[in-house]
Amino acid sequence: MSKPSPRLAARALILQDNRLLLVNAFRTTVSDLWCAPGGGVERGASLPANLAREVYEETGLTVTVGAPALVNEFHDPHGSFHQVDIYFRCTITAGQISSNWRDPEGIVTERRFFSRAGLAAIRFKPDSLAAAAWGEGILYDPLEPIVR
């Protein structure tokens, strides 16, 4: 029996005042793990269109999607889950972070900007997040085990 194809997701690297926007995204539990906003892509829409939709749903922000910055893969070594995330540099064009915003899917519970130094005090994924957000060009972060 063949395993399912990897899931494809698009994620946003949004820097404002040299701080990176991260979200806490867990549907059924509360976790201290943070990640960039974004999510699975829907067929028939471009990666930038999918990402702009996901960012708005999770944060209430309207963004312009720029160039790719990182391709990251992660998987469950003991299961069939495998996801490929493409991170794009994005710029906020409208909106602001509000604690009153509600993700319609109920996945994102918090959204917050972090300085690069502030990342040292939290758990986040992928490991290459800071290098991609504050770096230049495009990085590839090969297969890493999923963290819960």
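Visitor: Is Trp101 buried, partly exposed or exposed?
Guide: Trp101 is partly exposed, with a relative accessible area of 25%. Buried means under 20% relative accessible area, exposed over 50%, and partly exposed in between (1.4 Å probe, protein chains only). This is a predicted model, where local features need pLDDT of at least 70, side-chain atom pairs count only at pLDDT 80 or more, and totals for chains, interfaces and linings use all residues. Residues are numbered from 1 along each chain as its sequence is written, and side-chain values use heavy atoms, with hydrogens and water left out.

Visitor: How many aromatic pairs are there?
Guide: Three. Rings of Phe, Tyr and Trp (its six-membered ring) pair if their centres lie within 6.5 Å; planes under 30 degrees apart are stacked, over 60 edge-to-face, the rest tilted. Trp34 and Phe114 are one of the pairs, with centres 5.1 Å apart and planes at 70°, so they are edge-to-face.

Visitor: Which parts does that pair tie together?
Guide: Trp34 lies in strand β3 (residues 33–34) and Phe114 in strand β7 (residues 108–115), so parts 80 residues apart in sequence are tied together. Helices (H or I, at least four residues) and strands (E, at least two) are DSSP runs, numbered from the N terminus. Both Trp34 and Phe114 are buried.

Visitor: And what does Trp101 pair with?
Guide: Tyr56, edge-to-face, at 5.2 Å centre to centre and 75° between the planes. Tyr56 lies in helix α1 (residues 47–59) and Trp101 in the loop between β6 and β7, so the pair links parts 45 residues apart in sequence. Tyr56 is partly exposed, at 40% relative accessible area.

Visitor: New topic. How many salt bridges does the structure hold?
Guide: Eight. A salt bridge is a side-chain nitrogen of Lys or Arg within 4 Å of a carboxyl oxygen of Asp or Glu. Glu42 and Arg53 form one of them (3.7 Å, N to O). Arg53 also bridges to Glu57, the closest N and O atoms being 3.7 Å apart.

Visitor: Where do Arg53 and Glu57 sit?
Guide: In helix α1, four residues apart, which means about one helical turn between them. Glu57 is buried, with a relative accessible area of 17%.

Visitor: What about Lys125?
Guide: Lys125 forms a salt bridge with Asp127, with the closest N and O atoms 2.7 Å apart. Salt bridges that share partners also join Glu42, Arg53, Glu54 and Glu57 into one network.

Visitor: Last one. Do β1 and β6 run parallel or antiparallel?
Guide: Parallel: eight bridges join β1 (residues 7–16) to β6 (residues 82–94). Strands pair if DSSP finds at least two bridges between them. Ile14 stands opposite Cys90 in β6.
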